[in-house]
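Colleague: Please pick one part of this model and take me through it closely. I want to know what packs against what.

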Amino acid sequence: MGKCLSCCEKPVPPGSSHPTASHPLHTLPLHRPYTALPQDSKEAAKLQQQALVQQSPPGPTDSLLGSGGPTPAEKKMFTPYPKLPPIKRQTNGEGKRPSFTVGMGGGGGLGGGREVSEAKMVALFEQYKDEDEDAMLADGIERFCSDLGVQPDEFIVLLIAWKCEAATMCCFTRSEFLHGCHAMHVDSVKGLQARFPELKAEVRSRPQFKEMYRWTYKFGLDHESGQRTLPLEMAIGLWRLVFSQSQPPVLERWLSFLEKHMNIRGIPKDTWDMFLNFTEQVGDDLSSYDDTEAWPSLLDDFVEFENDRQNQNVKTD
């Protein structure tokens with residue numbers, strides 16, 4: 001049984017070809033040994049024809065069967081894909097109220113990796129809000145600043161009001177305060193204190209400072225009385241405050257000029273806005289000032305006043 005079954009075949013007459021010599025089925029264990037052709041001519045012709053069919057090139061099925069099973073390549077072809085791991089259902093935290101993890105939008109805004117809670121923002125507002133109004137008024141803001149360790153007239157308080165987009169001084173409405181907390185990504189006094197350096201760094205960018213500067217004009221108006229022009233004393237105070245971190249060389253002479261002309265009824269918005277351009281374009285000695293440009297008349301008066309004052313100080317022989 002250990003020998004090949006072909007050893008049991010009868011000898012083939014000389015000159016006759018063995019029809020199984022090249023056929024792939026001869027290796028199968030159940031292959032029946034080939035016998036000599038019978039003498040009957042009809043049956044011999046029939047068997048010869050079958051032998052010719054068997055000697056034709058093997059097809060795909062023959063190749064598969066003749067190898068005794070799939071080849072390594074064929075096994076690889078039919079190897080099933082590995083099953084994907086089951087998808088885990090996320091059940092923890094479903095239905096939980098989302099936290100706010102984004103910081104200020106826009107360029108140079110504040111970021112924030114710590115999650116903040118709107119419930120804590122509301123509780124912080126309730127701590128300082130007025131008993132009769134849904135807003136933080138003068139007394140509440142004073143207590144709020146005290147807890148922050150700052151004075152109400154400090155530059156950082158102006159930045160906080162700017163982030164809240166407060167409409168008027170000495171008042172934070174609920175919506176304004178919550179808007180500012182989201183913008184600064186804070187929900188506590190300590191969290192806000194930690195943002196002070198970033199708030200100050202943000203307005204060192206010219207576009208951000210310009211935005212804050214223009215907002216300050218509206219912030220100083222008394223909207224309840226319908227005020228549309230900033231009173232002179234208020235304007236002087238706000239100019240000192242808004243430039244407290246970086247003072248232009250011409251600022252003190254400009255404010256001195258205004259204080260000597262208290263008859264000026266007020267500062268229009270175009271004068272407020274153009275003064276920022278004035279500080280950037282005109283040198284300390286005002287030599288680059290061009291009175292043919294469309295400067296507000298009050299700036300023309302200031303430059304003329306300064307030139308007269310400097311000429312009077314020139315000593316002649």
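Modeller: Contact here means heavy atoms within 4.5 Å. The model is predicted: local features need pLDDT of at least 70 and side-chain atom pairs pLDDT 80 or more, while totals for chains, interfaces and linings use all residues. Residues count from 1 along each chain as its sequence is written, and side-chain values use heavy atoms, without hydrogens or water.

Start with tryptophan 254. Beyond its neighbours within four places in sequence, it is in contact with Trp239, Phe275, Leu298, Leu299 and Phe302. Trp254 belongs to the largest nonpolar core, which has 68 residues. Such a core joins buried Ala, Val, Leu, Ile, Met, Phe, Trp, Tyr and Cys residues through side-chain atoms within 4.5 Å. Trp239, Trp254, Leu258, Phe275 and Phe278 have the most contacts inside it. Helix H6 (residues 155-164) gives the most to this core: nine residues.

Now helix H5, residues 138-148. Helices (H or I, at least four residues) and strands (E, at least two) are DSSP runs, numbered from the N terminus. Gly140, Ile141, Phe144, Cys145 and Leu148 are its buried residues. Buried is under 20% relative accessible area, exposed over 50%, partly exposed in between (1.4 Å probe, protein chains only). The cover over the buried residues of H5 includes H6 and helices H4 (118-128), H7 (174-184) and H8 (189-202). Just after H5, glycine 149 has a positive phi of about 80 degrees.
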